[in-house]
Amino acid sequence: MPPVLGPYEGESLIGAEQPVIGGHAEFWDAGVVVIEPDEPQGKDVIISCAVHGDETAPIEMVRDMLHDIFAGTLQVKQRTLFLIANPAAIVNGTRFVDINMNRLFSGAHHKGTTPEHQRAEKLEQYVTRFYKQKQRFHYDLHTAIRDSAHEKFAVYPFTHGAPYKKEQLTFLAQSGIDTILLNQAPTTTFSYYSVRAHNADAFTVELGKVRPFGENDMTRFATADAMFRKLISTNELELPAFNGARHHVYDVCRTIDRTQQNFRLNFPDDVANFTEFEQGYLLATDGDTEYRVEQAGERIIFPNADVAIGQRALLTVVPVPIDKLELV
Ligand SMILES: O=C(O)CCC(=O)N[C@@H](CCC(=O)O)C(=O)O
Ligand SMILES: [Zn+2]
């Protein structure tokens, strides 16, 4: 049976090609594997994981997909780029080694010289090299540090006014991801890079909670895993008609950055994503600056007081009726 890539065993294969059923695999770098079908069916799909090295369930999903591709039990019909983004952080067992890689894209990697800055630039180059066809997709798979009232949700990167796509919302819902956060500003995340630089349908996909390797209940990821496998292994993906009632949609209304050493969140560490606080509640203090709930229904997402100075410590969101969205 051909070797299955590990974080560093792949280095011996860099530049190599290997036949797989119905095509071949190309090993562009450690954790960078392209599956080229002999008869590509029109979609260029990127499935990335391990932008954060401790978010293990998506890494196990990608590992198992690659294992089945090389074992001949999963035949890929769509051009697919698998990215294990931050092998060093995986080996380290941490979210990152020097700096949060998911704040280094769209050129932010030029502001530093750490291995994560260099890797983020390389990942952008691999994405650019990979996208050839018009239908471009990128699902950047993550898990969240805290519990979430909606276990699975996706961040729809800022579209610069372009309408939202019913087909993508339906694909995500079929994958078990029924909750969508609409980002209303550019970011330096991987998924926003693919949207902005390559006009891809790209999303940060939060599939559950951060857990150590071997402690994930992979049955909780089975629906998503099955849909991503179906996406890459079928000529045409059959999806049900769009049904707005399936989706919980939230607008990202505020991004609160930590600017001071003395940054505090005013709620316990075990408070779940999407927890709602009453208007006027003091959410956080950043030095002398107070952040209070401004809108009825405002909820917290990704609270993290330990981020580096200058980085995002909290998002707040408000629910949006889906009939308010411009959909195509
Ligand atoms: O649970 C957390 O605090 C963070 C989980 C995670 O890594 N989320 C991504 C979201 C990226 C985006 O906003 O598109 C991140 O923070 O990089
Ligand atoms: Zn993450």
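Which polar backbone atom lies 2.8 Å from an oxygen atom of ligand 1? In this predicted model, the atom belongs to Ile145. The protein covers 98% of the 420 Å² of accessible area that ligand 1 has on its own (Shrake-Rupley method, 1.4 Å probe). Two side chains also supply polar contacts (pairs of N or O atoms within 3.5 Å): an N or O atom of Arg103 is 2.7 Å from an oxygen atom of ligand 1, and one of His142 is 3.4 Å from an oxygen atom of the ligand.

Around ligand 1 there are 15 residues, counted when a heavy atom lies within 4 Å. The closest are Asn102, Arg103, Ile145, Thr204 and Glu206. The shell comprises four nonpolar, six polar and five charged residues, with Asp, Glu, Lys and Arg taken as charged, Ala, Val, Leu, Ile, Met, Phe, Trp, Tyr, Cys and Pro as nonpolar, and the others, Gly among them, as polar. Strand 6 (135–144) gives the most to this shell, three residues; strands are DSSP runs (E) of at least two residues, and helices (H or I) of at least four.

His52 lies in the loop between strand 4 (43–49) and helix 1 (56–71) and His142 in strand 6, so the pair ties together parts 90 residues apart in sequence.

Residues are numbered from 1 along each chain as its sequence is written, and chains are lettered from A and ligands numbered from 1 in the order written. Local features need pLDDT of at least 70, side-chain atom pairs count only at pLDDT 80 or more, and totals for chains, interfaces and linings use all residues, while side-chain values use heavy atoms, without hydrogens and water.

Note on methods
A polar contact is a pair of N or O atoms within 3.5 Å; within protein, one must be able to donate a hydrogen and the other to accept it, and residues adjacent in sequence count only if both atoms are side-chain atoms.
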